[in-house]
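Here is a short briefing on pockets and a ligand. Look over the sequence and the model first.

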Amino acid sequence: MTRKRVGVLISGRGSNLQALINACKKRDYPAEIVMVISNVQQAQGLLRAEAALIPTLTVDHKTFPSREAFDAALDGALKEAGVELLCNAGFMRLLTAGFVESWRNRHLNIHPSLLPAFRGLHTHERVIAAGCKISGCTVHFVRPEMDEGPIVAQAAVPVLAGDTAETLGVRVLETEHRLYPHALALVASGAVSVQGERVVDTNDQAQVPLFSPPMP
Ligand code: GRF
């Protein structure tokens, strides 16, 4: 089995990166992480990558004169590492349309809500304020608009009585850690593909079923 060469973009804690690192340790997993890039020098995720002996790089956006120049540096580093598939995992920079287009359908993001609801920041606060009964997380292909693009996989998380943004956030994050490896495997193995801005089963063009993460 040839594994897809994956690059991961982070800005902070890197718990989703850790989930992907753990998944890639499995012998039959269809992807390997070959490069982790952070735009923040102190990102905890860089230490996680180093511990797993994955090459890391900091590309500090503050040292570039424009978004285009920053994105060009990212792109160059990813190409040099032979990255085939790119995963945003808590990467807090908006990328230029040019960069996004050049990675079209090879670039994933995870977001802590059931998109297209609750794009942007502070999702759990807003989910609770809206009185939603179900929240969750989404892995989607990246498009130039923030938190938009064909949905690869989603998992639902119930909003419980008495939940705060923190308690709901913890349960959603645990679910993210199971959803992202699942979604990356679907894409890296070629089991799913994008057809007219929807993600379908590559074999029969059917809708990809809901992911029900196994209980820990
Ligand atoms: C996650 O909730 C992810 O969905 C969002 O940012 C957070 C990153 O957390 N995009 P971590 O850095 O992976 O721990």
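The second largest pocket is lined by 13 residues, and Ile151, Val152, Gln154, Gln207 and Val208 lie nearest its centre. A pocket here is an open set of points on a 1 Å grid over the protein atoms alone, where a 1.4 Å probe fits, with protein on both sides within 12 Å along at least five of seven lines; lining residues have an atom within 4 Å of a point. This is a predicted model: local features need pLDDT of at least 70, side-chain atom pairs count only at pLDDT 80 or more, and totals for chains, interfaces and linings use all residues. Residues are numbered from 1 along each chain as its sequence is written, and side-chain values use heavy atoms, with hydrogens and water left out.

**Second largest pocket**
- Its space is about 190 Å³, a volume filled by probe spheres set on the grid points.
- Strand 7 (151-158) gives the largest share of the lining, 4 residues.

**Largest pocket**
- About 960 Å³ of space lies in the largest pocket.
- Its lining has 37 residues, with Gly90, Met92, Ile110, Pro112 and Leu121 nearest the centre.
- The ligand sits in this pocket (more than half of its atoms lie within 2 Å of the grid points).

**Ligand contacts**
- A side-chain N or O atom of Ser15 is 2.5 Å from a ligand oxygen.
- A polar side-chain atom of Glu176 lies 2.6 Å from an oxygen atom of the ligand.
- A backbone N or O atom of Ile110 is 3.1 Å from a ligand nitrogen.

Terms used. Polar contact = N/O pair within 3.5 Å; in protein donor to acceptor, adjacent residues only side chain to side chain. Helix = DSSP H or I, 4+ residues; strand = E, 2+ residues; numbered from the N terminus.
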